[in-house]
Amino acid sequence: MTNEKPVVYQGGNSQLFGVLHRPSPRRDLRHGVLFVPGEPDLLFGTHSMYVYGARQLAHAGFHCLRFDFGGRGNSEAGGKFTPVGDCVKSTRFLESETDIDAVSCVAKCFGAGVALYCLAAATLNWQRLVMWSPTELADKRSMDIRRSAKYLKAAVVDFWGLYAEAKNQFTSPRRVDVPEEENLDHIPIENLVTKDRLRTTVHALGIYPSGDPSSRECTRDYEALCRFIGGISYEMRMVEDSDHSYRSHDKVQEVVQMTVDWLSESSPAVRRTSGIKAQSATRLDHCYA
C-alpha cells in the first residue's frame, strides 16, 4: 500500500505546499518523480490528472512529489514568481526526504517549458523528463511572422530570462554568461544557440494530443529547444482523439500508463537487475490532500 502526506518546505522565494507519495517497501524502486505544475493560474486544470498520475507511479514503486508554485494553490506568495527556483528547491526536498538513486520529472503544459529551463540553468540531476501536452514556448499571437526560426528565437529569449533568474538565485548554476536583457532581441539566433552551448544529459518524452492544433508545431519547437540546450534526447508520442487537457478518463489512463512504462524502463532497480550500475542522486547543498 502506498502512502501520502502533505509537506511544507522552502521554495525559491516562499514556502511551498505539496504532497509526498511513497511506494510500499516491497515495490520501492528508489526512483523519485517531481511533478511540475502546469498553467500557473489554472491550478485545478491538472489537479486530478496529477493526483492520479502520482498515485499510479507510487503504486509502481516511485517516490512522487506534487507541489504548488509560490503564490499559487496552497503555497505562500513571495515577493516574486520564481518557477525555476521552486523546481530546484522541490527536487532537493524530494532527495532529502527519500532514499532514492535517481530523480525524474513529469510536467504538463506551462510546466514543460519551465522544466526544460531548469535542466539547462540549475544543474539538476534529472534522469528523464516526461512532458504532457507541452504548450507553446513563446506567445505566437504577438508575432507578425510565425516561421519556426522566429518562434524559436522568442523561446530562446524567454529561456535566457529564466536562466538569469536561476543564476542570480543559486550559487552553482551552469557557468554560462547571460546576455544582457536589452540585447537579446538584437542577437542573431544562431549566436544564441551556438555560443556557450549548454550541456545536460537526459531523455525527454513529449506526449501530445492529436486534437490540439498546435501539437505538431510544438513537437518541432521543443525538439529544437532540446538541441539548443544540448545533450537531451527527445522523442514524441501522440494520443489519438484527445484534446489538450485529456478530459476523457480513458485518455488520462493512457497518458499515465505511457509515463509509468517509460519511466520504469530507467528506474535504478531495473538497471540493477540488468547489470547497469546505478548512480546516486545529486545531493546539492545549495498538493493536495
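Buried means under 20% relative accessible area, exposed means over 50%, and partly exposed lies in between (1.4 Å probe, protein chains only). This is a predicted model, where local features need pLDDT of at least 70, side-chain atom pairs count only at pLDDT 80 or more, and totals for chains, interfaces and linings use all residues. Residues are numbered from 1 along each chain as its sequence is written, and side-chain values use heavy atoms, with hydrogens and water left out.

**Stop 1: His249.** Select His249. At 47% relative accessibility, this residue counts as partly exposed. His249 lies in helix H7, residues 249-264 (helices are DSSP runs of H or I, at least four residues, numbered from the N terminus).

**Stop 2: helix H2.** Select residues 83-97. From first C-alpha to last, H2 reaches 21 Å over 15 residues, close to the 21 Å expected (1.5 Å times one less than the number of residues). Twelve of the 15 residues are buried, so H2 is largely enclosed by the rest of the structure. Color the buried ones, including Pro83, Cys87, Phe93 and Leu94.

**Stop 3: the cores.** A nonpolar core is a set of buried Ala, Val, Leu, Ile, Met, Phe, Trp, Tyr and Cys residues joined through side-chain atoms within 4.5 Å. The largest has 39 residues; Leu65, Leu116, Trp126, Leu129, Met131 and Tyr222 have the most contacts inside it. Helix H3, residues 110-121, supplies the largest share of this core, seven residues. Apart from it lies another core of 23 residues, among them Leu29, Phe62, Tyr246 and Val255.

**Stop 4: Leu129.** Leaving aside neighbours within four places in sequence, Leu129 is in contact (heavy atoms within 4.5 Å) with residues including Cys105, Leu116, His203 and Trp262.

Note on methods. Helices (H or I, at least four residues) and strands (E, at least two) are DSSP runs, numbered from the N terminus.
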